[in-house]
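Please look over the sequence and the model below before reading on.

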Amino acid sequence: KRGSVLCNPIMQARLLEQAGTDLNIVMGLCVGHDSLFYKHAQAVTTTLVVKDRVLVHNPVMALYTADGYYS
């Protein structure tokens, strides 16, 4: 069952609702999937990091390499 949740923002939102979360922090969902998550989440939700194609779906690579490659 766990594998079916990996790229399923609606199921992720439902599971967090069942867990009774008060705050959801989205990290690593694709743009579009985060919108589906927001729509179905019951708790307050914010995004910390989203995936993008520029960073090859490694959303925090820019943070890890800020002092090196990107400077």
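What follows is a short report on this chain.

This is a predicted model, in which local features need pLDDT of at least 70, side-chain atom pairs count only at pLDDT 80 or more, and totals for chains, interfaces and linings use all residues. Residues are numbered from 1 along each chain as its sequence is written, and side-chain values use heavy atoms, with hydrogens and water left out.

**Overall layout**

The protein chain has three helices and two strands. Helices (H or I, at least four residues) and strands (E, at least two) are DSSP runs, numbered from the N terminus. In order from the N terminus, the elements run α-β-α-β-α.

The predictor's confidence in each residue is given as pLDDT, from 0 to 100. Its mean for the protein chain is 83, and 85% of the residues reach 70 or more.

Accessible areas come from the Shrake-Rupley method with a 1.4 Å probe; for residues, only the protein chains shown count as cover. A residue is buried under 20% relative accessible area, exposed over 50%, and partly exposed in between (1.4 Å probe, protein chains only). Of the 71 residues, 21% count as buried.

**Single residues**

| Residue | Relative accessible area | Class |
|---|---|---|
| Pro9 | 5% | buried |
| Asn24 | 5% | buried |
| Cys30 | 24% | partly exposed |
| Gly32 | 32% | partly exposed |
| Leu23 | 49% | partly exposed |

Pro9 lies in helix α1. Leaving aside residues up to four places away in sequence, Pro9 touches His33, Leu36 and Phe37; contact means heavy atoms within 4.5 Å. From C-alpha to C-alpha, Pro9 and His40 are 8.3 Å apart in space, although 31 residues apart in sequence. Gly32 is found in the loop between β1 and α2 (33-40). The C-alpha atoms of Gly32 and Pro9 are separated by 9.5 Å, with the two residues 23 apart along the chain.

Asn24 is placed in strand β1. With residues up to four places away in sequence not counted, Asn24 touches Leu16, Phe37, Ala41, Ala43, Val44, Thr45 and Thr46.

**A nonpolar patch**

Leu23 is also in strand β1. Together with Ile25, Met27, Val44 and Leu48, Leu23 makes a nonpolar surface patch of about 540 Å². Patches are made of residues with over 30% relative accessible area and no salt bridge, where like charges are joined within 9 Å and nonpolar side chains (Val, Leu, Ile, Met, Phe, Trp, Tyr) within 5 Å. A salt bridge is a side-chain nitrogen of Lys or Arg within 4 Å of a carboxyl oxygen of Asp or Glu. The elements that give two or more residues to the patch are β1 (23-29) and β2 (44-50). The largest share, three residues, comes from β1.

**Cysteines**

How many disulfides does a search of the whole structure find? The search finds zero, a disulfide being a pair of cysteine sulfur atoms within 2.5 Å. Cys7 is in no disulfide, and the nearest cysteine sulfur is that of Cys30. Cys7 counts as exposed, because its relative accessibility is 57%.
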